[in-house]
Amino acid sequence: MKQKGTSEVPLIMGIIGTVLNIPAAMCGAACGAAISAIGEAANSSSASSIGNYIVAISVISGLSGLVGGILGKSEPNTAGILMIIATVFAGLETLGGGGLLSLIVCIFYLIGAIYCFVQKKVDV
Amino acid sequence: MYPYIKLGDIDFPAYNLLVGLSLIIGFKTFEKQEHTYNKNDFFIKKYKEVIFCINIIIGFAFAAIFENFFHRDFSRVGQYGITFYGGLVVAIPLNLLLLNFSLNRFVLLLNLATPALLLSHAIGRVGCYMAGCCYGRLISDFSVFSTLGNNRIPTQLVEAIMLIIIYFIVTKWVRFESRYLYYFILYGVIRFLLEFFRDDDRGNLFNISLSPAQVISVILILLALFIRIFFKFFSSNNYSQGIS
């Protein structure tokens, strides 16, 4: 028998995390590139690649978080896995220079992921 | 214009938060409408979350791409912001494809999604006001509606109020089967008129004096009228009445 979740928390955390992920990614890309460019060994191509890396991981984390959040009730286990992926990538973004906003996104995804697994489930 | 909400040391972008709120309310409204009105279509019942996800992702992507298209500049997608009509125009063929070109099912989905679309759009327009985009022409009065340091016609808030009024019209006074037709006509007329009061860079579609949004508004109004008239008089297959 298939189980369905009952909590709205994954939906709220997934969507709010994703919409906040966009400015965090832009900030992270700019900060990461700037930090790299300031470093002695860095040149313009490495700075650009760090910016691209942060944008790429933020896109992956944003999409996983959004899809995970929306599927939070109908497919709780799949949604939980997607939100864990989103949490990991948002964490990488934070380490890459995403700042405090990126850390908050990471926490939102983590709360969403936990709720996906621990929420009350009903048989359908 | 309040682009950031400050909480402690962190500036939360108001536009993004309101877009998030609009998505949550949009999804819950769509879910409620689906639960109330969809008794027979198990495809939409089973895959509504997937349909919603695909529409959000593709819709927002094309909303940005269309704005670049209106400005004839593809150097960096997203630099001109996003346009609602870009997402809506792409959503029509996209959903036909997702629903395997079943016209009855597509009309049912449109009628289910119309209230959600209206509420989400209204909240998104409040986000526009907070961010300071989609602004109106300069005026001397209404100093409370200050955008970019000037007193401007608050076209964003006017549109948000109009969308709420259309929401009440289509949910309270219009039959379920005709919701999308009234939405296309009413929103098309309001958007067409509001465009005359907008002062931001509107872009260009066919090198005519009308803005791209006005052209799409006219197409939507004509399409809705065509569906209404054609299927009323010339066809026994009444798609304007929705799924039977």
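What pattern does chain A follow, read along the sequence? I started my notebook with that one. I kept in mind that this is a predicted model.

**Entry 1: the elements of chain A.** I read along the sequence of chain A and wrote down β-α-α-α-β. My tally for chain A came to 3 helices and 2 strands.

**Entry 2: burial and contacts in chain A.** I looked up the 124 residues of chain A next, and buried residues make up 48% of them. For contacts in chain A with a separation of 6 or more, I noted that 77% come from residues 24 or more positions apart.

**Entry 3: the surface of chain A.** I found that chain A exposes about 5,700 Å². Carbon and sulfur atoms supply 74% of that area.

**Entry 4: the elements of chain B.** Then I turned to chain B. How many helices and strands are there in chain B? I noted 7 helices and 4 strands. Read along the sequence, chain B gave me the pattern β-β-α-α-α-α-β-β-α-α-α.

**Entry 5: burial and contacts in chain B.** Chain B has 244 residues, and I wrote down that 50% of them count as buried. I also checked the contacts in chain B between residues at least 6 apart in sequence: 62% of these join residues at least 24 apart.

Note on methods: Residues are numbered from 1 along each chain as its sequence is written. Chains are lettered from A and ligands numbered from 1 in the order in which they are written. This is a predicted model: local features need pLDDT of at least 70, side-chain atom pairs count only at pLDDT 80 or more; totals for chains, interfaces and linings use all residues. Side-chain values use heavy atoms; hydrogens and water are left out. Buried means under 20% relative accessible area, exposed over 50%, partly exposed in between (1.4 Å probe, protein chains only). Contact means heavy atoms within 4.5 Å. Accessible areas come from the Shrake-Rupley method with a 1.4 Å probe; for residues, only the protein chains shown count as cover.
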